[in-house]
Each structure stands twice: as structure tokens, then as C-alpha cells.
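Hi,

Here is the structure I said I would pass on. Could you open it and keep it beside this email while you read?

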Amino acid sequence: MIIKYEVASRTVTQCSVSILNERIDDCDFPMVIRNIRHLLCCPVKSLFRQTKGDNRTCFSIKSPVLWRKVMADIVDNTLLQSTLDVNEKAHQVTLTSSHILWGTASNGWDSDSPSSEPFLSHNYYSNIIEIKNIFAVSLEQNPKSSHEDFNKGFQRNSKPNTPLYIEMRDMRPRSFSVHFVKRCRWKLKHKKITFTCNEAFMCQLWLNKIKDIISNPAFKRPKGLLVFVNPFGGKRKGPKIYAEKVAPLFDLAEIKVHAITSLSTFMLSISIIRVVVVGGDGMFSEVLNGLLDRRMREAGLKQTIDTHPLRPDLRIGIIPAGSTDTIVYTSTGINDPVTSALHIILGSSVGIDVCSLYTKDQFLKYSVSFLSYGYYGDMLKDSEKNRWMGPSRYQLSGAKKFVTKKTYEGEVSFLLSSESRTSPRDKLPCLAGCHICDMAAESYDQQISLRNANSSHSKDKESGIISSAPDAWHRVRGRFLAISSFTMSCRCSLSPHGVSPACHLGDGTTDLMIIQDCSRIDFLRHLIRCADKTADQFDFDFIKIYRVKEFIFTSLPLNAKEVDADTEEKGDNSCQPSGACKQLKPKSPTRSVWNCDGEVIDQQNLHVRIHCQLVNLFATGIIEPEPDVQCPSCCSNCDKESIG
């Protein structure tokens, strides 16, 4: 397709433009219409390069036939069109089913003359808001100038007995504000633009029409929320964050909210459609476990190792107010309360994987982000004594456990993912609209049946035979510094790209990292690389990383007393102490604890299964930032803070 640029000096240049990087054929004409309409409505600074020496830039469509069809398509979708004031200047404002557009019309465009060649000034429709980004519209009080003009009617003439004339005016609001969301990298900001009408009835007409559009059920926006506020998480600022930053936005969006600060006041008999958690990862884990348990009880099922948990018919939102806020950081790209609140208001949705934990075939709980035994478990257990320190307690406890550097004997059996196109080290992050997660969601039922069929491989697991097949059980045995499982990339302020940057939110797998015994220097190098986005933290001989669908960890005893206790409990002699183990002191700690989403689990032996996209969050996943675009020097409608 050829686009012709027309500038003030009437010199013409041509260039070839590829829409969606595809060749445009006659059969793709509806797609051309949509993209050309987007081309006409968007600010020129995001579409065209700067032309030197031009004071004004215009463009025109080469084909008059195509132009008429494009304009007819826009007219068919136009719901309202009026001349309204924006920042005390008259603008032509158009409301369609998908956008609000406004701008000043070019003096050179004689729309009443059919013989003139149509062209569009870059000032015309220079601003655009997508309807999907609008979450509220409100009336505004009339400006003071109108009241001052009204009061002039009360001024009495200096002469006595002069009749008093009073001008009756409509004092109803003539201005309305559109509240919308503007994305700045990963952060969402609340913006507002105010339009002023000549008449009050016109203002009410625009207000009602916009409200009808944004209340469309297709947006799947919440009308009511049950909010759990944790008053003790993180720095104990949860109630303040909710009251000052989140609640006003919910009120503006006309969302009915029932907020509680104690789980004991929550009655399972009430109907829940949407749930929001104000707190950290631990608070979210508690609410998630309660909701999934309720879903199983309603279906009359008991959670066992052979039972697949049922997906709850609701979405969960998280307002970050904890110590690390890993789940929010990973699902939105930032731990900002306003950003999370706006995702909830807009009805964003993304599916995440959930791990179910079992010990001795008994269900323990669910996990959604991080599970670790050894170093990270010891660090969490030690930090519980210093909760008064806030998030800094993790650094203190981490330094203490780094100095002691305890290792533990154990055995890990795992079932590798059959998806060979992804790897924990492929450096391909999971972004919004990830096709890998989409394909996993489509084959959700097939994955459940596949897990049931994998029970036939139990003989391979018990015999210890390591097969090269991707869906066979593998086993690693030895002395480990840490065993960690990442169901998501686990981004946080200390590791902005995550401890496992290539881990996906909803592919039905987890990244299993095994850190074998090593020196303190080597382990420190690994920890430093976790915060470096250019380094590979897994590029060490003592670290193994696998993408698995299921794994089992068994802690091996190190002294005779533990061997006897385990033998009596298990009824077998599968593990015998070695000579090196007999030399250890009986008082030496031989077992660690698990760090499960910031909560301590005292059981050592765990069986972990991953369930694909079991829960939906109010989030979109991390959206890759768009590259910055230079605005032409002739453009006078740059992105302003007042209008977003």
C-alpha cells in the first residue's frame, strides 16, 4: 500500500508502508479498513518520522475509493460527535464503540466539498483513548467563570428605583471527566480528561452513553469485591495502602466492596464472585488454599494425590503490601498498589499454575510461586524471629546461613516435561499473550489424562532406572545445598528479572533447580548472578536445572538413630548410613525445612504435582515495553500529563 505525505510546501514524497508486516491483497480489505482507521485516528508522532524543514505535516490516501470506504466505516461506528471544550479550547470530539477521539479540524479540509481531495491534518483527532482503558466517567462542577457571569445579574444600578433584572441559567453540570488508564512501561497510571459542553443535557447524554459502553459484560469487569486486608504483613501498611490508594479507585469505578481484616469473620456460605487480597505472598497463599479447599468440598471431593483439584469459578486480585510481593511482581512487572488496583478494575485476567504438596500420600497445601529446601528454608525459618525488622530480615538471615553453609543428604526424583521447545535456560521470558501458555491451556484436559497415565511409570521410579525418554522418571541423589522449585520466574526488587527468568506462568511445569555441595565463593557467585540480567545464574557445574511436571524429594538420614526411626516408620532398609555419616556428631542438624511461598513447612519428604492454570489472577502478565518514538518538531500535541 502506498501512503502519500503532503506537506506545507506541497512537495510530495512517497514510501511503501506494510501493515502488520504482511502484503495487502483485495481479499484482506476489511483488515485494511481497520488498520487505516487506526492510522487516521492515532497521533502522527507514533506513526511517522520527522520531516525536515516542515512547519505542518499532512497526509492523504492515494486511492479516493479506499478513502470513501474508510470514512463510511468510521461513520457507521460513530455513536456521538460534538464540539466540546478541552482546556478552554474547542475540539471536535467523536465517540465510537471502541474509541474516544478529539482534536482540532484542519482549516484546509473542506468537508462539504466532494470535489476536494480529502486529507487529514496531524492536528485532527490528535488524541485518542481506547474504550477498554476507560473505567469511570463523572460529572464536574461548573467553572467559576460561569458563576461570576451569573452573579453579574444581581448587580444593582447606582440610580434609585431601578428595576432588577435576574437572568435565569441552568446550573446543572455542563462538564464531565473521563477517567482512564495510561501505561508507562509496566506501571499503570490513573489519568483524567475533562470535556465541557454548551448545554447540560448534552453533558448528561455523553455521560450516559460512555457509561453504557464501559459497562458492557464483554469486558468482564467486577461489580463487587470481597477484600481481605492483612494488617500485619510486610511493614504493616496494608490497611493504610488500601484506604489511601485502592479504595478511592474502587469507589470511582462504582465497585461494591466488602472489606474484612480477619479470616475468622469470613463465612463460607456467602456468594463470592471476585476476591482481592491486600498483603504479601503468604496472605495470598492462605486465601488461595481456602478457596480451593472450599471448591473441592462443594463438589464433594477430597484432595488426594490421585485427585486433580477443581478450578474455582473466580479471579483473585492482589494488592502488594508484603515483604517481597513476588506474585504481583511476576504477573504485572511491578509491585505498585495503584497498578494492581487498575488491573482489577479493568478486569484483566491471566492463568497461573498451582502446585499441590503431599507427604506420605497426605495432602498438605497449595503453592504458586516458590518452593525450596535447604538454604532458603533455613533462611526463612531464622527470619521468623526477626519479623519486626520487615523485609530487611531476609538479608540478615541470608548472611547468617551463608556463613554456616549447611548441606543436606537427599534424593530427588522428577518427571521431565515432554515439551522440548522450551528450556529453563532459553532466555525467552513469559510475556503477556505467551503462545506457550496459550497452547498449554488448550491442552488442559489432555494434560490431566496424561498425568493419570503416568502412574504406570511408578516401577521405573522405584527401581531407580534413569531413562533417556523425556516422560520417564529421573533420579538425582547426593548432598545438596538447596533444592528449589520455581512455578513462576519469581521477580522481586532484588532480582528484577527473576531467579528463573525463562519460567512461564501457565505452561503446567515448574523449573527444578538442584544446587549440590560447593564452596562459599561459588555459591556467592551464583547469588550475585541472580540480580544480574545479563548473566546466567545456572552456568555452574554444581547447579542443575530441569523443567519438570512432577517431582519427589526424600530426605536421607545421616546417623544411626535416624536410620532406625525411618526404618521403623517405612518398614524397609532402603537407606543405610555410610562411614562418613557415622562420623558426624549426633547434635548436628541433618534436616532442613521447606520455604513455601514465604511460609515454613516442617515436613521434609514432599511429593509435588503441578496443575496447569488452575487459578486466574487480575493481571495480564508482563507486557513488553514499546520502544520510545521521537515526536516531530512540528507536533504541538505531545503527550501531556493532564490528558495522558
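This is a predicted model: local features need pLDDT of at least 70, side-chain atom pairs count only at pLDDT 80 or more; totals for chains, interfaces and linings use all residues.

Residues are numbered from 1 along each chain as its sequence is written, and side-chain values use heavy atoms, with hydrogens and water left out.

**The core**

Strands here are DSSP runs of E with at least two residues, helices are runs of H or I with at least four, and both are numbered from the N terminus. Val-615 counts as buried because its relative accessibility is 1%; buried means under 20% relative accessible area, exposed over 50% and partly exposed in between, using a 1.4 Å probe and protein chains only. Gly-351 is 264 residues away from Val-615 in sequence, yet their C-alpha atoms are 5.7 Å apart. Setting aside neighbours within four places in sequence, the contacts of Val-615 (heavy atoms within 4.5 Å) include Leu-288, Pro-312, Ile-316 and Val-354.

Val-615 also belongs to the largest nonpolar core, which has 51 residues; along with Phe-284, Ile-316, Ile-515 and Leu-617, Val-615 touches the most other members. Helix α6 (residues 281–298) gives this core its largest share, six residues. By nonpolar core I mean a set of buried Ala, Val, Leu, Ile, Met, Phe, Trp, Tyr and Cys residues joined through side-chain atoms within 4.5 Å. As for Ile-515, beyond its neighbours within four places in sequence, it is in contact with Phe-480, Leu-481, Ala-482, Phe-523, His-526, Phe-542 and Ile-543. Another core, of 25 residues, lies apart from the largest one, and Val-181, Leu-225, Ala-341 and Leu-346 are among its members.

**Salt bridges**

Side chains of opposite charge can pair when their charged atoms come close. Taking a salt bridge as a side-chain nitrogen of Lys or Arg within 4 Å of a carboxyl oxygen of Asp or Glu, the count comes to 16. Here are three of them:

- Lys-192 pairs with Glu-140 at 4.0 Å, N to O. Lys-192 is in strand β11 (residues 187–196) and Glu-140 in strand β9 (residues 134–140), so the pair ties together parts 52 residues apart in sequence. Lys-192 is partly exposed at 37%, and Glu-140 is partly exposed at 22%.
- Arg-475 pairs with Glu-411 at 3.9 Å, N to O. This one links strand β20 (residues 473–486) to strand β19 (residues 408–416), so parts 64 residues apart in sequence are tied together. Arg-475 is partly exposed at 32%, whereas Glu-411 is buried at 16%.
- Arg-609 pairs with Glu-550, their closest N and O atoms being 3.5 Å apart. Both are buried, Arg-609 at 11% and Glu-550 at 7%.

Salt bridges with shared partners also join Asp-382, Lys-385 and Lys-400 into one network.

**A helix pair**

Helix α9 (residues 375–383) packs against helix α10 (residues 393–404) at an angle of about 125°, with the axes 8 Å apart. Axes are lines fitted to C-alpha atoms, for helices over the stretch in contact, and angles run from 0 to 180 degrees between N-to-C directions. Where they meet, α9 brings residues including Tyr-375, Met-379 and Asp-382, and α10 brings residues including Tyr-394, Lys-400 and Phe-402.

Cheers
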